[in-house]
Amino acid sequence: MKKTWWKEGVVYQIYPRSFKDSTGNGIGDIYGIIDKLDYIKSLGIDIIWLCPIYESPNDDNGYDISDYKAISEDFGGSEAFDKLLDGMHKRGLKLVMDLVLNHSSDEHDWFKESRKSKDNPYRDYYFWKPSKNDNPPNNWVSFFSGSAWKRDAITDEYFLHLFTKKQPDLNWENPKVRKEIHNIVEYWCKKGVDGFRMDVISLISKNLDFPDSPYPDDYGKTIKNYYANGSKIHQYLHQLNREVLSRYDIMTVGEGPGIDLDNGLDYVNEDRNELNMIFHFDHMFIDNGPGGKYDPIDVSLPKFKKVFSDWDKKLKDKGWGSIFLGNHDFSRMVSRFGNDSTYHTESAKLLAMLLLTLRGTVYIYQGDEIGMTNVAYPKIEDYNDVETLGSWNEALAKGEDMTEFLKLVHRQSRDNARTPVQWNSTKNGGFSLGNPWLKVNENYSSINVEAQENDKNSILNFYRKMIAFRKANKVMVYGDYECINPEDTNLFIYKRSNEKESYLIILNFSNTIQTVDHLNLDIEHSKLVISNIETLNPKNELRPWEAQLRQYN
Ligand code: ISL
């Protein structure tokens, strides 16, 4: 297995809007990030992934880019960016930019031209189709509800938008589009950035026949078979790699709905020279019921374990995994996979131990290092996320019980992860002196960075301990992984080992005491290295949400 910095590094993901506001306008910005670089460094982080900071009308908070080479003035513009990059490199931190190349904003110059006329030179930068019997060209639905096609009055044709109607899909079939994209990637490489997270990269090659999906009620199947993994996807990624990426020492991680065990390795197989890593969502959609995200089901621990085991096996020879339990698109990990009330501290630490003892590159989402939780705003007007609002309006139109639906929003909204970072117990959790763009979670007075800095047993200091341990023990990065108890519904137990050392990780994912005697773990021949509960447990049993990292003699 080849060893590289991006396999060993620990990544910290920043959603800049919610990180730290330095101006008092309620929106987090780049100077706010610069202010916190020493904090990030103090965690033991090596790499920062920044969600989009380009010029954007913010229909989807920066995932709708109107100028790929300009830094948004809201965030401090290019001067702030140069200082950030410099400040990071001085501290030995690497920067991964988020690139949104499947679609642009409708306010990008390309689209402004494209919509003007059918023979405009930019027309084929996007997908335009005539109506079908006065209806959209096919039955495709946008990720954010409603048809994926919007009729444009100027030429009376429809354009494709798999996300909001302000995010028209770029036509990668057009060699000119690919050239523009290569040029953008090259621009940022030359600026000195260290990598890219490529948004919905699995969607860039479309089925040009645009057939109706035969599964209108099974969105996951429609995505996998119709929107994602198109016939030219690998050709385009390979070309991007050959012409630009391969000339720089950078890391790439592609995000992708529709990426699964059948096709995942193809994106990252080191013999193919495409991407280094991918984000799949097999564990992140694990609580989606038959009706999708707003039809949630309980997380099954055996299924959860299977996702990690299957992917480890799939990627271990020729690929490399991405280990994450949350990001800006999902509920908070401690609220989803842990217990954010009675066992908040224990379960947040247990999840930290899980993250930092699996094989793959670890991604930590801002605020998870202090166990930030889901939020429950009292009314829909408090929410901002386009996906949440789209689902809300759809439910409203269907005549659903909206009091019940608000409870689902509390559980599932992407805004759960987007509430401002809780720095201290002053106004707005120290995020902003102004009016935050999204309300701060009220629990900031008890859950915040400052309080945890002062507590040696805090979640924050546990992250520091786990990160330091991982970095000092490369067996946690490269060593073999073996799950011991795939079927158990309460405990997740696995080994990490190489020729020299062997570790046992025991995680109690339940609110009750669990015993391990029946499992033949040979615990007598191991010593406890790290535990998430300070008081010693004299018995061979695991207390609720107890996590143990043990080393065999
Ligand atoms: O958010 C999701 C589930 O709640 C996903 O379906 C998500 O829309 C999908 O993974 C793509 O996400 C990425 O592209 C979107 C953007 O809104 C997300 O923030 C981004 O991570 C469109 O650019």
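# A tour of aromatics, cores and a domain interface

Start by selecting Phe127, Trp140, Phe143, Phe144, Trp149, Phe163, Phe210, Tyr219 and Tyr227: ring pairs link these residues into a cluster. Keep in mind that you are viewing a predicted model. Across the structure there are 44 aromatic pairs.

**Stop 1: charges over rings**

Select arginine 123 and tryptophan 128. The charged end of arginine 123 sits over the ring of tryptophan 128, 3.9 Å from its centre. Arginine 123 belongs to the loop that runs between helix H5 (109-114) and strand S6 (128-129). Is arginine 123 buried or exposed? Its relative accessible area is 4%, so arginine 123 counts as buried. Show what surrounds the residue. Neighbours within four places in sequence aside, arginine 123 is in contact with Ser114, Arg115, Ser117, Lys118, Trp128, Thr155 and Glu157.

Next, select lysine 36 and tryptophan 423. Here the charged end of lysine 36 sits over the tryptophan 423 ring, at 4.2 Å from the ring centre.

**Stop 2: the nonpolar cores**

In soluble globular proteins, nonpolar side chains tend to be buried together. The largest nonpolar core in this model has 148 residues. Select Phe81, Val185, Phe196, Phe304, Phe492, Leu507 and Phe509, the residues with the most contacts inside that core. Then colour helix H12 (residues 344-356). Helix H12 supplies the largest share of this core, eight residues. There is also a second, separate core of 18 residues, with Tyr158, Leu162, Tyr226 and Ala228 among them.

Which residues does valine 185 contact, leaving aside its neighbours within four places in sequence? Show Leu99, Leu101, Phe196, Leu240, Val244 and Leu245.

**Stop 3: domains and an interface**

Colour the chain by domain. Domain 1 covers 5-104 + 175-462, domain 2 covers 109-160 and domain 3 covers 479-552. Now show domain 1 and domain 3 together. Their centres, taken over C-alpha atoms, are 30 Å apart. How many residues of domain 1 are in contact with domain 3? There are 23, and they meet 30 residues of domain 3.

The size of an interface is often given as the accessible area lost when the parts come together. Domain 1 and domain 3 bury about 2200 Å² between them. Carbon and sulfur atoms account for 68% of that area.

Notes: Residues numbered from 1 in each chain as written. Predicted model: local features only at pLDDT ≥ 70, side-chain atom pairs only at ≥ 80, totals over all residues. Heavy atoms only, no water. Phe/Tyr/Trp six-rings, centres within 6.5 Å; stacked < 30°, edge-to-face > 60°. Lys NZ or Arg CZ within 6 Å of the ring centre and 35° of its normal. Core = buried A, V, L, I, M, F, W, Y, C linked by side-chain atoms within 4.5 Å. Buried < 20%, exposed > 50% of the residue type's maximum accessible area, 1.4 Å probe, protein only. Helix = DSSP H or I, 4+ residues; strand = E, 2+ residues; numbered from the N terminus. Contact = heavy atoms within 4.5 Å. Domains from an automatic or database assignment. Buried area = accessible area lost by both parts, 1.4 Å probe.
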